Amino acid sequence: GMWPLGYPVLIFCIAKLTSLSVFWSSKLLSVLLIALIFLIFRKLFHQNAYWFGFIFLFYSILGIFSQTWSEGPFIFGLICFSVSIYFFSFKEHNYFWLACIVVSGIFVFLMRYIGLFCCEVTGLLGLYYLVKKRFPAFLKMLLASIIMFSFGCLYLYFNKLETGFLTGIPRPKSFETNLELVKELILAQLQEIIFFRPVTVMKIYQLSLILLTEILAIGFLISKSKAKKTTTFKESDIWNYFLLVGITYWISVVLLRWNSNFDPFGIRFLGPASILLFISILSFIIEKKRLKIMNSMLLFLMIAFILFLDWFPLKTYFVDKFKSSNEQLLTYPDNVKSLIKKYKVIPSNSVLVFGNFHLNYLRPDITVTLPESKPINDEETMNHFIDRMQKSGSEHIYIEILDSIDNESYDKSIIDFMNNNKEVQFIKLK
């Protein structure tokens, strides 16, 4: 379908094991994934592991794990994949780590289709081992690449057979100009660098001051780290592998977005790259006690307190502002109750046009659909749409009358149909 199978299956498993609702199962899954990531940090970085917990106070990462988004388990899979290729680099005769590379690579793909980029990483490592004349390691990377790529191709081919499209829906070319995409990317990347608050609420002088401070601080720490380091490049340093995966993913997602139309650049696309790059920078600075100041618990507590003071009032401000501008704002449980009550009149085995997207899991006995619209398809007239629905073979067909509709996406006949039937909530076609 439009999204890979992995994330819904994980939520389903949590729901079955705990009997929790879909909403709370997704939140519990996020907490479990964060806990597992912390355990990985503890295993890798030992007494310095708490520094890496800062990453989950960053704006983009906090946003990802607060939402019901597949990027959460996607990030977990990327971390596991990076760790696996790291251990394989000096334990290449251990088939366990080869298996971990394949399993984590497939896991990443099952969270998001772009996870197929893991084949690029193993391919690059394979070339590196070939140049270094480490032929057994090269052959194993080649095998891992073939397995992951074959799995991805078979999955996408199954999508093609079921839906007519490799990823479940049409993926047209990007509609933005190159300049528009550049501006969008710069703003999104700036948000990743200014990692503790939204850039949209900051003034130019604040952005400049924070950027300068970050550059000076990271430059100072890295220069001190290099001074402590006695050797040059070391293959055994884990930061290399997080950096490799992070940069490869960033290049892949930017190129993909540049050539196809889907969501704009933002934390969902760039956040996974950011967390890997931050892990790489932190591990470079603090591993093997390169910088003694990083062993200070007092420094850690001071930074954590500053981040808390900066983020908590800001988040509270936004929540209060949103509530004050929308008196009908409901909590998720209240919203679910409201939707169940609203759609109770729709019988089973019905097709509901313009139905709420929550019905996809609240009422699986109902099929929610839409008329074809721009920018993915050509506009569909109301008569053509009704005729198509009548021929679908569905037992019941209802149209929900919306208060507002996107005038630029839908045909004028559909907009007029909505405007002429404002006095009712649902219209039954069949």
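This is a short chat about a few spots in a predicted model.

Trainee: Before we start, what should I know about the model and the numbering?
Mentor: It's predicted, so local features need pLDDT of at least 70 and side-chain atom pairs count only at pLDDT 80 or more, while totals for chains, interfaces and linings use all residues. Residues are numbered from 1 along each chain as its sequence is written, and side-chain values use heavy atoms, with hydrogens and water left out.

Trainee: Okay, where does asparagine 240 sit?
Mentor: In helix H11, residues 239–259. Helices here are DSSP runs of H or I with at least four residues, strands are E runs of at least two, and both are numbered from the N terminus.

Trainee: Is asparagine 240 buried or exposed?
Mentor: Buried, because its relative accessible area is 12%. The cut-offs are under 20% for buried, over 50% for exposed and partly exposed in between, with a 1.4 Å probe and protein chains only.

Trainee: New topic: which strands pair with S1?
Mentor: S1 pairs in the parallel sense with S2 (residues 366–369) over four bridges, and likewise with S3 (residues 396–400) over four bridges. Pairing needs at least two DSSP bridges between two strands.

Trainee: What's the bridge partner of serine 350 in S2?
Mentor: Isoleucine 366. Over in S3, valine 351 has isoleucine 397 as its bridge partner.
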